[in-house]
Amino acid sequence: AVATGTSLGYTVVIPDFEGPDNAWAAGVEEGYGTLDGIRAAENFAPLDLDGAATPVGMMGYSGGSQASEFAAEEAPTYAPGLNIVGAAIGGLPVNIGHIAAKADGGLFSGIYFAAAVGIARAYPQIDIQSLLNAAGKQMVKSIGKMCIVQFVPTYALQRIESYTKGGLNQLNDPTVQQVIADDTMGSIAVPKIPMQIYMATFDEL
């Protein structure tokens with residue numbers, strides 16, 4: 001996508017939407033990071049862009065779609081001066097709780113575990129350490145140093161209940177449920193821009 005965009009003469013901006021604390025899967029925060037990245041590019045003089053008048057299109061898949069979709073929701077109030085003209089987003093994690101429940105114990109349970117760690121970094125009201133047993137605390141320490149190609153095979157077919165105190169599924173915790181609700185797509189606003197929304201044929205999650 002980057003090579004295609006630049007070959008067509010577009011300026012391609014890849015924002016660090018997970019932020020300095022790597023708050024992976026925390027969509028609300030990722031949206032703000034995306035908008036900040038766009039504004040930074042528009043104000044970077046060597047790019048010679050037209051500032052806030054620059055037409056902007058957003059795109060992303062899975063985690064990238066989460067960042068772009070929340071940016072679309074947040075732009076009218078957080079960055080109303082941006083000229084965002086549309087978005088193409090695929091594999092949307094609309095409700096992270098639904099995805100976690102489906103992933104638990106499956107091939108992609110590591111995605112659930114890593115997302116839980118990333119979201120807890122963005123929402124301090126989730127005291128993740130208090131929910132975990134000794135194995136869970138070690139998992140958090142280990143997974144925080146891994147990328148997706150490492151934590152998916154490492155934690156495949158494992159259940160979160162193996163890592164929690166009392167073997168509880170913390171998706172039922174009221175604080176966790178509130179964070180999931182706050183971080184569900186559509187919780188802020190309905191995007192006003194044209195959007196192409198799609199799903200890859202073999203996207204299991």
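Helix axes on this tour are lines fitted to C-alpha atoms over the stretch in contact, and angles run from 0 to 180 degrees between N-to-C directions. Helices (H or I, at least four residues) and strands (E, at least two) are DSSP runs, numbered from the N terminus. What you have open is a predicted model, where local features need pLDDT of at least 70, side-chain atom pairs count only at pLDDT 80 or more, and totals for chains, interfaces and linings use all residues. Residues are numbered from 1 along each chain as its sequence is written, and side-chain values use heavy atoms, with hydrogens and water left out.

**Stop 1: H5 against H7**

Select helix H5 (109-122) and helix H7 (residues 134-143). Their axes come within 10 Å and cross at roughly 85 degrees. H5 and H7 are therefore roughly perpendicular to each other; angles of 65 to 115 degrees get that label, while those under 35 count as roughly parallel, those over 145 as roughly antiparallel and the rest as oblique. Now show side chains: Gly110, Phe113, Ala114 and Val117 of H5 meet Met139, Val140 and Ile143 of H7. Contact here means heavy atoms within 4.5 Å. Color that set by type and you get six nonpolar residues, one polar and no charged. In this scheme Ala, Val, Leu, Ile, Met, Phe, Trp, Tyr, Cys and Pro count as nonpolar, Asp, Glu, Lys and Arg as charged, and the others, Gly among them, as polar.

**Stop 2: Gly110**

Stay on H5 and pick Gly110. Is Gly110 buried or exposed? Gly110 is buried, at a relative accessible area of 0%; buried means under 20%, exposed over 50% and partly exposed in between, using a 1.4 Å probe and protein chains only. Beyond residues up to four places away in sequence, Gly110 touches Ile143, Phe151 and Tyr155. For scale, draw a C-alpha to C-alpha distance from Gly110 to Tyr78: 33 Å in space, for 32 residues in sequence.

**Stop 3: around H7**

Go back to H7 and highlight Gly136, Met139, Val140 and Ile143, its buried residues. They cover an arc of only 100 degrees around the axis, which puts them on the same side of H7; the arc is taken from the directions of the C-beta atoms as seen from the helix axis. What do the buried residues of H7 pack against? Their partners are H5, helix H6 (128-131) and helix H8 (148-155).

**Stop 4: H9**

Next, select helix H9 (residues 174-182), with Val176, Val179 and Ile180 as its buried residues. Viewed down the axis, these fall within an arc of 100 degrees, so they line one face of the helix. That set packs against helix H4 (96-103) and H5.

**Stop 5: Asp104**

Asp104 sits in the loop between H4 and H5. Despite the charged side chain, Asp104 is buried, with a relative accessible area of 7%. A polar atom of its side chain lies 2.7 Å from the backbone nitrogen of Ile160. Show its surroundings too: leaving aside neighbours within four places in sequence, the contacts of Asp104 include Tyr112, Phe113, Arg159 and Asn169.

**Stop 6**

Most residues other than glycine have a negative phi. Asn22 has a positive phi of about 55 degrees, and so does Asp48, near 55 degrees. Find Asn22 in the loop between helix H1 (2-7) and helix H2 (27-42); at 32% relative accessibility it is partly exposed. Asp48 lies in the loop between H2 and strand S1 (55-61) and is exposed, at 66%.

**Last stop: H2 against H3**

Finish with H2 and helix H3 (residues 63-78), which pack at about 75 degrees with axes 7 Å apart. That makes H2 roughly perpendicular to H3. Among the residues in this contact are Tyr32 and Leu35 of H2 and Phe70 and Tyr78 of H3. By type, the contact divides into eight nonpolar, five polar and four charged residues.

Technical notes: Polar contact = N/O pair within 3.5 Å; in protein donor to acceptor, adjacent residues only side chain to side chain.
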